Amino acid sequence: MIKDMLENKRTVSFEIFPPKKDGEFKAVFEVLDALGRLSPDFVSVTYGAGGSRSGKTIEIASYIQNTLGIDAIAHMTCVGSTKDALLSVTQALREKDVTHILALRGDRPRDMSDEQFASRAFAHASDMMDFLRENTDLCMGGACYPEKHFESFSMESDLNNLKKKQDAGAKYFISQMFFDNDYYYSFLEKAGKKGITAPICAGIMPITSAKQLGTTITLSGSSIPKALSDLVAAYGDSSEDMRKAGIDYAIRQILDLRENGVNGIHIYTMNKAKMAAEIMAAL
Ligand code: FAD
């Protein structure tokens, strides 16, 4: 069980995503084979918010679980989903022996009308967890946000909602990416005071190109410390130097987390196996 692993030992795990284009799908299995050789403790697979490509998440999670023999977590979002649709995904996962999911609300898809959004079957991830706890025996984890979720008006209310996810059955959490470890340490302390006892894995996103700061990071709402923006200013124009500096920054972040007793590290690999290998070698 991933929960037991996270509670009892140091772990390094990876996140990967199913490519958007069918033509790129085959290549993802080569990436998976390469990631598998790095012996991560588990690998999580993202899911499109509307669930339209859930089959790809299932296929990849099954490959990780059954072919590579590594524990897989399939992400699942509920924002655009009916109860029946959700159950058909969980059944398909069960048939492939994938028993871990990261239960997420997801972001509102652009083509979802106000009416559809207001009448969605599950308002929050905790509602989905309540439903899945009652209807399946999957082991669930959830997302958390060291700098608070962008819709929350305060950290306090976000943490109260995190506690609802734990009460609804979340056995562990994986954090949003952060680039300043102090946010994470402060978050752990506040979460502890709120009664969050489930292990919280630290989400680390290596910044290997200047472009990432404008896209992924803006969407995540994570703040950029001066040390990282200085690095992008210095190396952003040279792709290889930027790549090396970004990986080095992530390694330093992870080593600092470990020195401070953080056991669970989840690397957002962006499907870059070479980058993951360099990080693992340094650890
Ligand atoms: P929730 O837990 O529902 O929280 C959303 C907001 O509602 C928060 O502000 C929260 O405070 C509030 N809230 C929660 N519960 C309640 C409640 N009971 N009452 C009132 N307010 C409440 N997106 C994808 O589309 N696919 C993925 O694969 C994916 N993977 C992710 C993995 C990780 C580790 C993380 C951190 C995020 C991931 N996301 C993914 C993004 C995620 O879907 C978005 O951040 C989304 O906006 C929130 O999802 P959530 O599950 O945290 O939602």
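Strand β3, helix α4 (residues 83-95) and strand β4 make a right-handed β-α-β unit. Right-handed here means that, with the strands pointing away from the viewer, the path from the first strand over the helix to the second runs clockwise. Helices (H or I, at least four residues) and strands (E, at least two) are DSSP runs, numbered from the N terminus. The model is a predicted one, in which local features need pLDDT of at least 70 and side-chain atom pairs count only at pLDDT 80 or more, while totals for chains, interfaces and linings use all residues. Residues are numbered from 1 along each chain as its sequence is written, and side-chain values use heavy atoms, with hydrogens and water left out.

The two strands of this unit are neighbours in a sheet. Strands of a sheet pair through backbone hydrogen bonds, either parallel or antiparallel. Strands β3 and β4 (residues 100-104) pair in the parallel sense, over five bridges; two strands count as paired if DSSP finds at least two bridges between them. Threonine 77 is placed opposite leucine 104 of β4. Strand β3 also pairs with β2, again in the parallel sense, over four bridges. Phenylalanine 42 has aspartate 71 in β3 as its bridge partner. Of the seven residues of β3 (residues 71-77), six are buried, where buried means under 20% relative accessible area, exposed over 50% and partly exposed in between (1.4 Å probe, protein chains only).

Helix α4 lies across β3 and β4 and runs at about 170° to β3. For such angles, axes are lines fitted to C-alpha atoms, for helices over the stretch in contact, and the angles run from 0 to 180 degrees between N-to-C directions. Helix α4 also packs against helix α6 (residues 125-135), at an angle of about 55° and with the axes 11 Å apart. The angle makes α4 oblique to α6, because angles under 35 degrees count as roughly parallel, over 145 as roughly antiparallel, 65 to 115 as roughly perpendicular and the rest as oblique. On the α4 side the contact is made by Lys83, Leu86, Leu87 and Thr90, and on the α6 side by Met128, Phe131, Leu132 and Asn135. Contact means heavy atoms within 4.5 Å.

The next step is the whole sheet. Eight strands form a closed barrel with parallel pairing, in the order β1-β2-β3-β4-β5-β6-β7-β8. From one strand to the next, the twist averages 30°.

Alanine 143 has isoleucine 174 of β6 as its bridge partner. Isoleucine 174 also stands opposite cysteine 201 in β7. Strands β6 and β7 pair in the parallel sense over two bridges. Between them the chain passes through helix α8 (residues 181-193), and this β-α-β crossover is right-handed.

How many of the five residues of β7 are buried? Five of the five are. In a regular strand the side chains alternate between the two faces of the sheet. In β7, Ile200, Ala202 and Ile204 are buried on one side, and Cys201 and Gly203 are buried on the other. Strand β7 pairs with β8 in the parallel sense over three bridges, with isoleucine 204 opposite isoleucine 267 of β8. Helix α12 (residues 239-259) lies across β1 (11-16), β7 (200-204) and β8 (264-268), and runs at about 160° to β7.

Threonine 46 sits in the loop between β2 (42-45) and α3 (54-67). Threonine 46 counts as buried because its relative accessible area is 18%. Leaving aside neighbours within four places in sequence, threonine 46 is in contact with Glu15, Ile16, Phe17, Pro18, Thr57 and His75.

Alanine 210 belongs to helix α9 (residues 210-214). Its relative accessibility is 30%, so alanine 210 counts as partly exposed. Residues up to four places away in sequence aside, alanine 210 touches Val232, Gly236 and Met242. Tyrosine 235 is 25 residues from alanine 210 in sequence, and their C-alpha atoms are 8.3 Å apart.

Threonine 67 is part of helix α3. Is threonine 67 buried or exposed? Threonine 67 counts as exposed because its relative accessibility is 52%. Asparagine 263 lies 196 residues from threonine 67 along the chain, and 27 Å separates their C-alpha atoms.
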